[in-house]
Number of protein chains: 2
Amino acid sequence: MSKEIGLTVKKSEDFSEWYTQVVLKAELADYAPVKGFMVLRPYGYAIWERIREYFDYRITKLGHKNAYFPALIPESLLRKEAEHFKGFVPEVFWVTQAGNDTIGERLAIRPTSETIVYASYSKWVRSWRDLPLLLNTWNSVMRAEIKGTKPFLRTSEFLWQEGHTVHATKEEADQEVMTILTIYEDLVTKELAIPALKGTKTEREKFVGALYTTTLETLMPDGKALQMGTSHNLGQNFSKPFEITYLGKDGQSHFAWQTSWGVSWRLIGAVIMMHGDDKGLVLPPRLAPIQVVIVPIYYSEADKKKVFEKANRINRLLNRKKIRVHFDDREGYTPGWKFNEWELKGVPLRLEIGPKDVASQTVTLARRDIIKKAVVTDSKISKEIADLLEEIQKNMLRKAEEYLEKHILTANDYSAFKKEIEAGGFLRANWCGDTSCEASIKEETGADIRLLPLSEEKVFANCIYCGKEGKKVVYFARAY
Amino acid sequence: MSKEIGLTVKKSEDFSEWYTQVVLKAELADYAPVKGFMVLRPYGYAIWERIREYFDYRITKLGHKNAYFPALIPESLLRKEAEHFKGFVPEVFWVTQAGNDTIGERLAIRPTSETIVYASYSKWVRSWRDLPLLLNTWNSVMRAEIKGTKPFLRTSEFLWQEGHTVHATKEEADQEVMTILTIYEDLVTKELAIPALKGTKTEREKFVGALYTTTLETLMPDGKALQMGTSHNLGQNFSKPFEITYLGKDGQSHFAWQTSWGVSWRLIGAVIMMHGDDKGLVLPPRLAPIQVVIVPIYYSEADKKKVFEKANRINRLLNRKKIRVHFDDREGYTPGWKFNEWELKGVPLRLEIGPKDVASQTVTLARRDIIKKAVVTDSKISKEIADLLEEIQKNMLRKAEEYLEKHILTANDYSAFKKEIEAGGFLRANWCGDTSCEASIKEETGADIRLLPLSEEKVFANCIYCGKEGKKVVYFARAY
């Protein structure tokens, strides 16, 4: 593999450049003609489809259904919930012309769909029988990014899912918020092999228009926090302006309670950063579009025939066992070149077959997560591979967990805080609950309160900033 | 079921109003706040997902892969192929502002993605090794509709798939065009139970920017033609302005050959119109999100227990057999009300279980496509249902085929043509090949040439309009 194709920088040397090279060279995504926009290439799309499949399966089992809502929202509709509008308007792309005509009222390309979805909900929800209403939509949304953009992490258009549910009571909405947060947690830990902290956002950081926001946060290798997904209880903040009311069993009309929640292709960015190494991407087996790549090794036509025959047989076998396998039968590339390419693309297991393997009725398996090869007897291949994939998945999560644990530190005073925040990681600290302390810390250090932990922790000191009574233990970090 | 919920108009009396009522009352779609836009509700979305699943399966087997391209296209990029730009510009939604800023260059919301996709292809395609490049994308596109809009058939935003492929030679591109057209034909005949004619478009009617366009056309019950899908050979019309070149095995640089093709949610509109009746939607089993609905019938708590126990057992059984079954266990609705609702929603088979069925170890099956009930012994249920679903699918296609055949007429002179076109249907006629004849006929009768049949038919008279030598047999119709 030529220099041009492989990575030319180490992860530890220039993290940002390394990240960009992995994105481009592993063919996950590419830049688009408009700045801040991105093309999701087939390999990246296949990863996104795995995420979609898992999440769809989980929410469908609980009665959620998919739907599609228009991409354009009239300005007047977007304005209906004042806080929400104020929060999003700096980032909205506006459509003002159709063909040669100027449009009477500007149309926003959805930055999120609350307002357009709830215009429908106000028509659809009539009685308690219509509740809960549990819909989800897979789409793209647009938010004009002014800060530096970065593929997957900060793009002006991104693919995501957004769920929008309606409930009869606050308690049911509370429960939905937690149900979804737990599914997000399962998604990132079990599928993406990334551990995360669960918590709620402060008033300052919550979703604009929400009653409260819960969040899943993790830490990237550069010490910056990354928000993986959020799940909001919207209270009645939208049901009132949008007049989403239902006739209760009591014969009275009530405003409904609502939730919304989303995860985006940002998750793919998290996987790249968390698990990748100097050779490129490292994909957790459950997420990998290709779990096993078969690379044939031969130096004569006679060998080729034997090797291919065996490779095809194993390919069929693994396919039957529902293992996502790919036989790289391309001509004109050396085995070494192929090894490098599939390592760059993060395939968890490489299965090598050479003439010797044919003779000895074995194959060689090479792991991507650690440098380790094993020779396996033909008869044990599928069992061995299934075990190894599971072992890799566990090992990747374990490593990520160790990293996260090691980078949750405690700060007892503000000068230590300022020093430690430079090194990155989460900083546990006490907070008086005052938004002005939170804002000052952000201004002075670049760190904000990422979350108030879901399982509340015991206050151990005064407010890290003002020195008044500490009311909550919170987690600070600089973030993406 | 109250009047308000059921249809209030017959298909034969007011086809247009009937159509709208089915769309809204079967909860397939709803109007959106912006005129011409539509919400795809969960039931409609589930049908779209079936279409997507089938098509994805077919093209994936042939090596096509999915990707995602940005929704915004800079005006200069859209302008690169002049004909293409001229064709689409009257319908383009333009983004001119981002937040509070005016954007330097207007951005088009994609009306179709050729230009934005080919900007990437010019970077990705280098050598013959990169070909064929076979990508597909599922997205929504926008075209400002000025004529009367209609859910599914004519909306300013619609869901669709668009395929974009690159080949080394014209022959390979020709072949791809036909491969896809054949998959479209399989999709509509085998899944949607709608027969269609295959052909090519005239120069006047082809896709703007294409070398030639192939099309799949069918006839709706009101006698108007509907274009179901198109597959274009783009020739080198885009590869030249976009500079998509590859290094051939001959060591020379060549402009590539390209195809593009698409089907949209319009297919759902075709299914509604083609198969629906005075009770509502009628779905072909292979397309139906719910193939069998179980409706329990009971008048006492004791009966309910027995009936539910049996219903749950059958529900599990059919699930295991991969039949898409739904047990309607809702309280507070009469069986008759449920019957009407599921008929409105077009579920192919209703399975009724009452106390007598429990005693006699039978169930009652009612077909949606024709009025016919059958009592089936418990032990034969899954076999019987599988057979019936197949029979319904076949019967629906047969009926649609009979209708299509009956409405392909031949016109020998223009006065007969003008009379017959009023009655609707396809009119076979001879044509001199002159665009001016084609345009005059369109202006005078509202009918255009829907297609030149793929298997060329023998000319039997002079041009239907000018009386000069007939060069082709073509199919005229008024169309959606």
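This is a predicted model: local features need pLDDT of at least 70, side-chain atom pairs count only at pLDDT 80 or more; totals for chains, interfaces and linings use all residues.
**Walking through chains A and B**

Strand β5 of chain A (residues 93–98) is joined to strand β5 of chain B (residues 93–98) by 5 bridges, and the two run antiparallel. Move along to A98(A) and you'll find that its bridge partner in β5(B) is F93(B).

How much of each chain takes part in the meeting as a whole? On chain A, 41 residues are in contact with 41 residues of chain B. The element that gives the most to chain A's side is β5(A), with 6 residues. Sorted by class, that side of chain A has 29 nonpolar, 7 polar and 5 charged residues.

Now stay with β5(A), but look at its neighbour within chain A. Here 4 bridges join β5(A) to strand β6 (residues 101–109) of chain A, and this pair runs antiparallel. One link to pick out is V95(A), whose bridge partner in β6(A) is L107(A). Between β5(A) and β6(A) there are 2 residues, and the two strands form a hairpin. Check the turn for G99(A), which has a positive phi of about 60°. As a general point while you trace these strands, side chains in a regular strand alternate between the two faces of the sheet.

Time for some helices. Two packed helices are described by the angle between their axes and the distance between the axes. The crossing of α2(A) past α6(A) is right-handed.

Which residues make the contact? From α2(A) come I51(A), Y54(A), F55(A), R58(A) and I59(A), while α6(A) brings I183(A), L187(A) and E191(A). By class, the residues in this contact are 6 nonpolar and 2 charged, with no polar ones.

Finally, step back to see chain A as a whole. Its domain assignment gives domain 1 (40–275), domain 2 (292–388) and domain 3 (408–477). If you're hopping from domain 1 of chain A to domain 2 of chain A, their C-alpha centres lie 42 Å apart.

Note on methods. Residues are numbered from 1 along each chain as its sequence is written. Chains are lettered from A and ligands numbered from 1 in the order in which they are written. A crossing is left-handed if the near helix is turned anticlockwise from the far one by less than a right angle, and right-handed if clockwise. Two residues are in contact if their C-beta atoms, placed from the backbone, lie within 7 Å. Ala, Val, Leu, Ile, Met, Phe, Trp, Tyr, Cys and Pro count as nonpolar, Asp, Glu, Lys and Arg as charged, and the others, Gly among them, as polar. Domain bounds come from an automatic or database domain assignment. Two strands pair if DSSP finds at least two bridges between them.
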